[in-house]
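I opened the model to look up its fold and its backbone exceptions. My notes are below the display.

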Amino acid sequence: MAKTAGVLSTVAFTTAGLPPAAIAAKKAQEVVETVDNTNKLLAAGIGVVAAGAAAMKLTSGSGAQDFLEASPYWDQSFVKVNTFKNKAPFTGKVVSTKRIVGPKATGETCHIVIDHKGDFPYWEGQSWGVIPPGTREKDGKPHSVRLYSIASSRYGDDMTGNTGSLCVRRATYWCPELKADDPAKKGICSNFLCDTTAGDEVVMTGPSGKVMLMPEEDPSTDYIMVATGKLGEV
């Protein structure tokens with residue numbers, strides 16, 4: 001419609017004083033251009049529709065993305081807990097690590113996507129344990145596990161059920177005497193996770209807990225969400 005209106009106004013302003021044959025030729029040229037652009041738009045629209053149909057096909061029938069659903073959907077009796085323990089942990093691989101707060105934020109929070117190849121299923125509301133590499137300075141023993149709430153749905157970031165995400169704030173300590181971050185007092189695991197890059201390995205335990213699973217059996221259930229802080233400027 002916009003192109004057609006543009007054509008009419010262009011013809012109105014540029015054909016004044018031209019002979020009839022020239023006016024007819026110009027109109028014909030504009031019509032051809034309009035039809036050509038319309039066909040291009042239609043072709044692009046057909047491509048979008050085809051892509052949408054392909055996506056719907058992937059999420060229907062035998063390929064439906066319901067392989068992690070319960071039957072009935074609210075039944076949580078089979079939700080796994082502590083599939084992997086400290087003595088027999090799981091090793092995931094980092095897909096990506098990205099800072100998700102603005103440059104003026106008070107602190108740094110990162111979004112870490114971890115590939116578990118579908119071998120570490122979980123439900124929304126559960127936590128992963130992460131065992132940072134290295135040993136403790138005080139006794140030389142391995143670091144203990146840290147728990148982090150899983151930030152993605154059970155289907156992960158790509159809806160395949162093969163990944164999970166953590167949102168982690170880098171823990172640092174500002175020393176008033178040094179007037180800078182004291183590296184000796186930084187968080188061990190949060191800094192490890194925020195410093196990871198694609199391909200790095202993460203030793204994990206869990207999934208932990210059922211207390212934070214959403215009670216979905218009764219649709220009239222009230223939820224009270226309580227947050228203890230904020231991430232800063234996004």
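These entries go from the overall fold to single residues.

**Overall.** I am working from a predicted model. I looked up the secondary structure of the protein and found three helices and eight strands. Read from the N terminus, their order is α-α-β-β-β-β-β-β-β-α-β.

**Burial and surface.** I noted 27% of the 234 residues as buried.

**Contacts.** I took the contacts between residues at least 6 apart in sequence; 62% of them join residues at least 24 apart.

**What to look for in the backbone.** Most peptide bonds are trans, and most residues other than glycine have a negative phi. I searched for exceptions to both.

**Cis peptide bonds.** I found Ser71 and Pro72 joined by a cis peptide bond, with omega at about 0°. Pro72 sits in the loop that runs between helix 2 (20-58) and strand 1 (90-99). I also found a cis bond from Gly206 to Pro207, where omega is near -5°. Pro207 belongs to strand 8, residues 201-208.

**Positive phi.** Asn82 is not a glycine, yet I read a positive phi of about 55° for it. Asn82 is in the loop between helix 2 and strand 1. Met159, also a residue other than glycine, has a positive phi near 65°. I located Met159 in the loop between strand 4 (146-149) and strand 5 (163-169).

Notes: Residues are numbered from 1 along each chain as its sequence is written. This is a predicted model: local features need pLDDT of at least 70, side-chain atom pairs count only at pLDDT 80 or more; totals for chains, interfaces and linings use all residues. Side-chain values use heavy atoms; hydrogens and water are left out. Helices (H or I, at least four residues) and strands (E, at least two) are DSSP runs, numbered from the N terminus. Buried means under 20% relative accessible area, exposed over 50%, partly exposed in between (1.4 Å probe, protein chains only). Contact means heavy atoms within 4.5 Å.
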